[in-house]
Amino acid sequence: MTSTVKVDTISENTSANGVVVDSVTLKDGGVTYGGGGSVSSLMTDIFRMSAELTTSDADITANLERADDATAGKLGSNMTESSGVFTFPSTGIYSVQFNVTGKRNGAARYIGCQIYGTANNGTAWDSLALSYESIDNQSAEVYMMMRAEAIFDCTDTSTHKVKFYLNSAANVIFTGDTNRNTTCMIFKRLGDT
Amino acid sequence: MSDIKTGRPNHIEDYLVQLHTQQWFGWADSKNKIYANLILHPKIYDASSKGLVNNPHSKPSEADCTAGLKALQDAWDLENDSYKSKRRAEYPSIGDQLDEIFKDIDAWKNRIQAIKDANPKG
């Protein structure tokens, strides 16, 4: 027999237990899945470098802005940024993605990008993800793109933060643009810690 | 940034980004990158100490930026839109040239000289 329940509100009967629907628990606005994992809120945010940067060894510490194109999407709470150090809006499991575009006229045997994380507000930093590219000498500017990605467990927003680092065998111009995402950082809250 | 299709510098940021390394400059209004909005960041990353230090650079004049961009454009034009680029496009590959030098060096000299004559300097 097929039947449909139509109500305006379903509330938990036992305080602190939430409402269970076929092994999915709904409680206080969050969802706990029967197969594991829970999500109390979602967020996505994206920052980008707004000006170009020449370096062979640098943290990105300036010229960062939230993507603000007319159709730029954003979901939930904001990341906050200070001198290139990013703070999460709430504890949780986050996807952190670092997309980098650069160019150089001349060879660079390696060009790297890394995501660094800290669990003690910057006293020590741990390399979480690393990606390498290279550029061959073609007697003209040659472009490259690379991406590093990490899943970050933020258990305390005051201590667990990330920053972004670039290095290369020779100076590379890493592109920054205020009108589109070239070198950019994407944050997505996947679920609860 | 420089013209993506040609690589020809077309903005003073192309000059600024080659003047010094690290994020020593920025824009008061990133949507309006004119000289009046050029700013210097008080701190920049120092690779040796792995931290921020006082920005040691000073703001270039608008004339410096304009002249610097023009110098980059002139250099690009010389490399990409002059006798040099035209000759480069016509020269055989290095491998083919070496092969021709081995087989008939006079024929190689004549070939190269003809390309130079067809695309004179100036």
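**Entry 1: between the chains**

How many salt bridges are there between chain A and chain B? I counted three. I am working from a predicted model here, so every number in this notebook is a computed one.

I looked up one of these salt bridges: the side chains of A:E65 and B:K31 meet, with 3.6 Å from N to O. Both residues also belong to a network of salt bridges that links A:R48, A:E65, A:D68, A:D69 and B:K31.

Next I checked polar contacts, and found 15 residue pairs between chain A and chain B, both partners at pLDDT 80 or more.

**Entry 2: helix 1 of chain B**

I then asked which residues of helix 1 of chain B are buried. My list reads B:I12, B:E13, B:D14, B:Y15, B:L16 and B:V17. That is six of the eight residues of the helix (residues 12-19), so helix 1 is largely enclosed by the rest of the structure.

What covers these buried residues? The cover comes from both chains: it includes strand 6, strand 10 (92-105) and strand 14 of chain A, together with strand 1 (25-27), strand 2 (38-40) and helix 2 (62-80) of chain B.

**Entry 3: A:I60**

I found A:I60 in the loop between strand 6 and strand 7 (64-66) of chain A. A:I60 is buried, because its relative accessible area is 2%, where buried means under 20%. Leaving aside neighbours within four places in sequence, I noted its contacts, among them A:M49, A:F98, A:F164, A:M185 and, from the other chain, B:Q23.

**Entry 4: salt bridges within a chain**

My search of the whole structure gave 21 salt bridges over all chains.

- A:E12 meets A:K27 at 3.5 Å, N to O. A:E12 lies in the segment before strand 1 of chain A and A:K27 in strand 2 (residues 24-27), so the pair ties together parts 15 residues apart in sequence. A:E12 is partly exposed at 30%, and A:K27 is partly exposed at 27%.
- A:D59 pairs with A:K163, the closest N and O atoms being 2.9 Å apart. This pair links strand 6 to strand 14 of chain A, 104 residues apart. A:D59 is buried at 9% relative accessible area, and A:K163 is buried at 12%.
- B:R8 pairs with B:D77, with the closest N and O atoms 2.9 Å apart. Here the segment before helix 1 of chain B is linked to helix 2 of chain B, across 69 residues. B:R8 is partly exposed at 28%, and B:D77 is partly exposed at 22%.

**Entry 5: two last stops**

Is A:T182 buried or exposed? I found A:T182 buried, with a relative accessible area of 15%. A:T182 lies in the loop between strand 14 and strand 15 (184-191) of chain A, and its side chain reaches the backbone oxygen of A:T175 at 3.1 Å.

A:V5 comes in the segment before strand 1 (19-21) of chain A and is exposed at 68% relative accessible area.

Notes
Residues numbered from 1 in each chain as written. Chains lettered and ligands numbered in written order. Predicted model: local features only at pLDDT ≥ 70, side-chain atom pairs only at ≥ 80, totals over all residues. Heavy atoms only, no water. Helix = DSSP H or I, 4+ residues; strand = E, 2+ residues; numbered from the N terminus. Buried < 20%, exposed > 50% of the residue type's maximum accessible area, 1.4 Å probe, protein only. Salt bridge = Lys/Arg side-chain N within 4 Å of Asp/Glu carboxyl O. Polar contact = N/O pair within 3.5 Å; in protein donor to acceptor, adjacent residues only side chain to side chain. Contact = heavy atoms within 4.5 Å.
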